[in-house]
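These are my notebook entries on a model that I am reading for the first time. I record what I looked up, in order.

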Amino acid sequence: NVTGTSDINPVKEQIQLLKELLPDTEKFGIIYNVSEINSGVQADLAKAEAVNQNLECKVRTVSDASDIAATVSALISDGCTAIYIPTDNLIAANMPAVTSVTDEKKIPTICGEAGCVLGGGTITYGVNYYALGKQTANQAIQILFNNVSPSNIPVGMQTSPEELDIVINEESVNKVGITIPDSIKKRMK
């Protein structure tokens with residue numbers, strides 16, 4: 001008898017975005033906080049999609065903010081030409097530690113959500129939290145004012161291209177020296 005909304009990332013589409021952005025990429029890195037189970041779930045989804053995209057990926061975890069820059073450096077030393085960051089509170093709060101390395105090494109970051117992009121990451125294809133809030137409010141209206149049982153309301157998620165947003169940090173794009181393909185620009189709102 002419960003319902004709600006989920007902000008699960010479109011991980012498959014994010015890895016496809018990475019491949020579209022960097023078609024010559026053969027290996028990318030994933031970094032996340034080992035204490036955030038949600039980040040681990042997304043990392044596992046990204047690894048599975050990497051296999052589908054014929055990409056190799058290296059996964060490294062951190063447990064403390066002081067480990068982030070060294071871990072990103074290690075991924076780049078392992079030959080990763082892009083870094084994928086799932087939604088992760090520790091990494092999001094410490095994006096300058098990520099970008100201090102990626103900007104210098106000219107490595108783009110594909111982020112799980114727009115906040116990381118606004119914090120210095122390169123690009124995301126993700127959930128629009130404003131629209132998700134409206135979706136959640138509509139569920140509450142159905143329950144509170146229309147007497148619809150929560151069990152009759154499916155859990156809401158953003159899955160269609162119309163619901164998701166591409167967010168690009170032009171400053172990061174310039175620092176890492178990449179060009180955003182027109183195919184990506186055309187999908188921006």
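I looked up what covers the buried residues of α1, and the list includes β2 (27–33), α2 (37–52), β4 (83–85), β5 (109–111), β6 (123–127) and α9 (182–185). Contact means heavy atoms within 4.5 Å; helices (H or I, at least four residues) and strands (E, at least two) are DSSP runs, numbered from the N terminus. The model is predicted: local features need pLDDT of at least 70, side-chain atom pairs count only at pLDDT 80 or more, and totals for chains, interfaces and linings use all residues. Residues are numbered from 1 along each chain as its sequence is written, and side-chain values use heavy atoms, with hydrogens and water left out.

I then listed the buried residues of α1 (residues 11–21): Val11, Gln14, Ile15, Leu17, Leu18 and Leu21. Buried means under 20% relative accessible area (1.4 Å probe, protein chains only). Seen down the axis of α1, these residues fall within an arc of 150°, so they line one face of the helix. The arc is taken from the directions from the helix axis to the C-beta atoms.

I next turned to the sheet. Six strands form an open sheet with mixed pairing, in the order β3-β2-β4-β5-β6-β8; two strands pair if DSSP finds at least two bridges between them. β3 (56–62) and β8 stand at the edges with a single partner strand each, so one side of each has no neighbour in the sheet. I found β2 and β4 running parallel, joined by two bridges.

Finally, I noted that isoleucine 30 stands opposite tyrosine 84 in β4. Among the residues that tyrosine 84 touches are Val11, Phe28 and Ile110.

Notes. Buried means under 20% relative accessible area, exposed over 50%, partly exposed in between (1.4 Å probe, protein chains only). Lists of a residue's contacts leave out its neighbours within four places in sequence.
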